[in-house]
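Me: I have a model open and want to learn how to read it. Can we go through some features together?

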Amino acid sequence: MDAILQQFFNLDIMAQAAPLVFRGLGMTLLVCCAVIPLGLVGGLLVALGSRSHSRLLRGLLAGLIDLLRALPPLVLLIAISAGLPFAGIRLSPFACVTLALFLNTSAYYGEVYRAGLESVPHGQWEAARCTGMTAWQTLVHVVIPQAVRNVLPDLVSNTVEVVKLTSLASVVALPEMLYSADMARSVTFNSSPIVLAALIYLALLWPVVRLMSRLEHRLGT
Amino acid sequence: MTGGSLFLETFFNPTIIARYLPDILKGMLVTVEVAACVIVTGIALGLALAVVRSFRLRAVNFLIIVLVDVLRALPPLVIVLIVYFGLPNVGITLPSFAVLWLVLSLVLAAFAEEVFWAGIVSVRKGQWEAGRCTGMTEFQTLCWIVLPQAIRLTVPPLTNRTIAITKNTALGTVIGVPEILNQATTAQSFSGSATPLMMGALAYLVLFIPVVIVGRWIETRFAWRRG
């Protein structure tokens with residue numbers, strides 16, 4: 001028991017590692033602030049494009065979405081960060097992470113929005129157009145708000161996944177929270193810094209996870 | 001050399017493809033092995049937890065909810081690192097394959113439990129009562145009346161989750177499980193060429209594109225049935 005406490009909950013080591021881990025938290029939040037808005041916008045564009053009249057665009061987007069859903073995000077990240085330099089393109093680790101997570105998460109947000117758009121009855125379009133709104137106004141003021149409301153739990157759940165995905169950035173040496181904690185672990189030979197990072201992830205995400213499972217159960221009944 | 005052939009030379013070099021193809025294929029086998037193990041144990045454990053939860057024992061349910069929440073809130077890579085580097089220091093040494101299997105199974109079990117539980121809750125109370133009236137025990141009602149109805153609702157969300165978590169087998173590369181990504185990055189650093197990375201990515205596409213397509217088919221098929 002004492003060994004477990006020493007190894008996983010050593011307060012002295014946690015206190016020493018805390019400044020490093022919290023600096024990492026800053027980077028984690030920065031990545032989230034870049035990826036979540038980009039993904040939300042990218043996903044919406046993907047979903048709208050999937051409903052366009054152009055068969056070519058629809059086919060291309062369907063292929064792209066399947067491709068991005070089939071590639072593990074870590075594979076995409078490593079292909080970008082280790083592969084692009086061979087093509088003469090050098091990106092900073094932050095840019096690599098943002099690009100990889102943006103591509104991955106746009107596909108997932110896109111699927112969520114698509115379900116949302118499909119859930120809005122066609123009569124809503126017709127009614128809005130009858131009032132004299134343009135197609136664009138109908139989309140922005142009538143269809144998208146209802147679509148988003150209908151899939152809000154899924155949007156939130158995907159956002160939780162994005163925050164968790166940022167931990168992959170540690171593999172390409174972006175000093176986010178897990179990378180910092182793992183560095184402290186390798187110096188101290190003690191897992192407490194990673195447990196500290198885990199506790200911070202829990203503090204950030206547990207309330208959202210709890211909320212989600214309430215929403216899900218209400219939908220289930 | 002023209003741009004096109006330079007591109008092929010860098011990303012799809014035939015000599016390098018020939019040299020490292022056996023490694024990548026070995027990696028595919030390992031990925032499939034981990035994935036199969038994770039799917040079987042993860043879903044079985046998730047179903048077991050949901051069944052236990054349906055007995056509504058307060059203390060046990062509290063523990064299940066806490067466990068499931070924690071596993072859903074933590075990034076899987078964090079759990080992998082804690083288990084892989086932490087356990088040996090308290091006297092438990094597991095091979096990296098076992099660590100990956102254990103962690104991903106637990107994560108899948110957590111998500112599966114939530115989905116199964118939502119399914120069980122969604123079956124109307126009258127079904128329970130009718131089952132009990134015919135003389136079935138609580139457990140028989142669960143097995144023969146409630147679960148068959150619940151599981152049908154859970155197929156689409158469970159399929160999506162299972163695919164997402166199975167792709168996390170790529171995390172094994174961080175702790176040295178010789179799966180596809182690990183083989184590809186090792187080959188890349190030996191050969192100094194981007195070709196093995198492309199081979200690795202293609203190997204994932206070969207494995208997972210059919211899964212994604214089948215997943216989409218399952219989603220629409222079961223959605224129709226429900227409607």
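**Reading the chains**

Reply: Over residues 25-213 of chain A, the chain is 80% helix and 0% strand, with end C-alpha atoms 26 Å apart. Helices (H or I, at least four residues) and strands (E, at least two) are DSSP runs, numbered from the N terminus. This is a predicted model: local features need pLDDT of at least 70, side-chain atom pairs count only at pLDDT 80 or more, and totals for chains, interfaces and linings use all residues. Residues are numbered from 1 along each chain as its sequence is written, while chains are lettered from A and ligands numbered from 1 in the order in which they are written.

Me: Which feature does UniProt place at residues 25-213 of chain A?

Reply: The unreviewed UniProt entry gives "domain: ABC transmembrane type-1" there. UniProt positions follow the numbering used here, feature names are shortened, and annotations may be inferred rather than shown by experiment.

Me: How do I read a contact between chains?

Reply: Two residues are in contact if their C-beta atoms, placed from the backbone, lie within 7 Å. Here, 37 residues of chain B are in contact with 41 residues of chain A.

Me: Which element gives the most to the side of chain B that touches chain A?

Reply: That is α9(B), with nine residues. The residues of this side of chain B divide into 25 nonpolar, eight polar and four charged. Ala, Val, Leu, Ile, Met, Phe, Trp, Tyr, Cys and Pro count as nonpolar, Asp, Glu, Lys and Arg as charged, and the others, Gly among them, as polar.

Me: What about residues 20-48 of chain A?

Reply: UniProt's unreviewed entry lists them as one "transmembrane region". They are 100% helix and 0% strand, and their end C-alpha atoms are 42 Å apart.
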